[in-house]
Amino acid sequence: MEKLVVHGGCTLRGTVNISGSKNASLPILAAALLTDEPVVVRRVPDVSDTNYMLQILGQLGASVERYSGIVRIVAKEIDSVATYEQVRKMRASICLMGPLLARKLECHIPLPGGCVIGDRPVDLHIRAAEALGAKVEIASGVLKIAAPNGLKGANVELRGDNGPTVLGTDNLMMAAVLAKGTTVIDSAACEPEVVDLAHFLTSMGAKIEGAGTSRIVIQGVEKLHSTDHTVIPDRIEAGTFMAAAAMAGDGVTLRRVCREHLTAVTRLLEECGHTICFNKEGDVVTIVAAKNPTSGKIVTAPYPGFPTDMQAQMTALFATTPGISVVKDTIFPQRFMHCSELKRMGADIKVDNGRAVITGVKKLSGAPVMASDLRASAALVLAALKAEGTTEIHRLYHIDRGYEMIDEKLLSIGAAIERKPDDEED
Ligand code: EPZ
């Protein structure tokens, strides 16, 4: 077990390279199962979630090689059964459903269960599989899906009560690329990570139109072939560092970003008085913190709206921004675990039915805190950078799931932060 020890009060200055996207990598790595030819994926971040996915692909029978951000996968012969032991550590393993179903016409995947950010249902994934003609059974916590007569293209309305589903759209796209006939996905998710998956599949010979819009049309093909693909930059890591720079920075530059993917976060930071400058190409951004920042209001929404994966980090920013800020999460209404830990550091936050009301305080105080989920842990790191005194963040494995070397990157721009063994019991 490890912890992060952060001594607050340093000013962040300098340049950081943003890693490849975790949330684009996961479905793309799963999609490598759709061909028996070699697949190369570049800029795969070295985080536990991608490593779990690579372990599972190996256990399913694929050969997996990884060297400095490059992954080479050859899925010649694969099993169709993922075990609880393999997938219990990562909810996103549900994105194995589409490729396994398309390649093997059957799959057994343990239900992902919930997590601290809320209940994580899979009813839309089941709707997608059944629409293509598969039979779905749930027995002792396992999704058992079979399509003995093959998969047949269909029109699928994929909207749920909380809007589109990212991994549900991915699963349906990955199942449909080898189905017979045409599949139309309505209310598809428009996230850049869905578009990156569509680009990956197209480079393997899939026929996909409309990725990035709410209607995606897929013409099934016989077979997919090898490819070499570089994943997009991680827009949530970039947003997290933009928030850090706005909280505790004096000129921080991020390289390897994508301006188009950061419009909601950029707009919010500018509305709060911070200065955000992109270069002409839009792949480098410099953030200068406002001398007198103003409060803000966030309502999360599916892309291109404000991302739910950034609301915890912004809550940390609002904690020391004068005035009253409001954060409402319409996608994961329970995603406020970070607030109780921020309050232990002196933040003034009231949480009620899917909304946090934050009254800015003059200062936060360092304290021992507990990480609870990936983005909540990031919020605690940001608060610790700003706080007076020392903060110890326990259960660091939460942050290592999705941030590549966050302590090294923060160290390189002047943070006083170190990773240490944690003798505290989990
Ligand atoms: C993806 O999760 C991301 N994970 C999440 O990021 C992100 O928060 C989420 O999309 C929303 O943008 C990956 O890409 C690996 P959803 P996903 O299906 O696809 C409901 C992070 O921090 N829903 O788009 O699992 C669901 O409850 C992670 O990097 C159903 O009702 O999320 C939620 O309210 C956390 N039925 C809404 O849809 C279903 O069958 C959106 O969820 C599926 C989802």
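Helix H1 (22-31), helix H5 (123-131), helix H6 (166-176) and helix H12 each supply at least two residues of the shell around the ligand. Helices (H or I, at least four residues) and strands (E, at least two) are DSSP runs, numbered from the N terminus. The model is predicted, with pLDDT of at least 70 needed for local features and 80 or more for side-chain atom pairs, while totals for chains, interfaces and linings use all residues. Residues are numbered from 1 along each chain as its sequence is written, and side-chain values use heavy atoms, with hydrogens and water left out.

The ligand is surrounded by 25 residues, of which Arg-91, Asp-123, Thr-165, Asp-309 and Ile-331 are the closest; a residue counts as near if one of its heavy atoms lies within 4 Å of the molecule. By class, this shell has twelve nonpolar, five polar and eight charged residues. Here Ala, Val, Leu, Ile, Met, Phe, Trp, Tyr, Cys and Pro count as nonpolar, Asp, Glu, Lys and Arg as charged, and the others, Gly among them, as polar.

Polar contacts are pairs of N or O atoms within 3.5 Å. A polar side-chain atom of Asp-123 lies 2.7 Å from a nitrogen atom of the ligand. Of the 830 Å² of accessible area that the ligand has on its own, the protein covers 91% (Shrake-Rupley method, 1.4 Å probe).

A volume is the space filled by probe spheres set on the points, which are joined across faces, edges and corners.

The second largest pocket has a volume of about 340 Å³. Its lining comprises 21 residues, and Ala-246, Met-247, Ala-289, Ala-290 and Lys-386 are the closest to its centre. Helix H8 (235-248), strand E14 (249-255) and helix H12 (374-386) each give two or more residues to this lining, and the largest share, three residues, comes from H8.

Four cavities of 30 Å³ or more are present, and the largest cavity holds about 60 Å³ of space. H8 and helix H9 (263-271) each supply at least two residues of its lining, which includes Arg-235, His-261 and Tyr-303.

How values were computed: On a 1 Å grid over the protein atoms alone, a cavity is a set of points where a 1.4 Å probe fits but cannot get out, and a pocket is an open set with protein on both sides within 12 Å along at least five of seven lines; lining residues have an atom within 4 Å of a point. A polar contact is a pair of N or O atoms within 3.5 Å; within protein, one must be able to donate a hydrogen and the other to accept it, and residues adjacent in sequence count only if both atoms are side-chain atoms.
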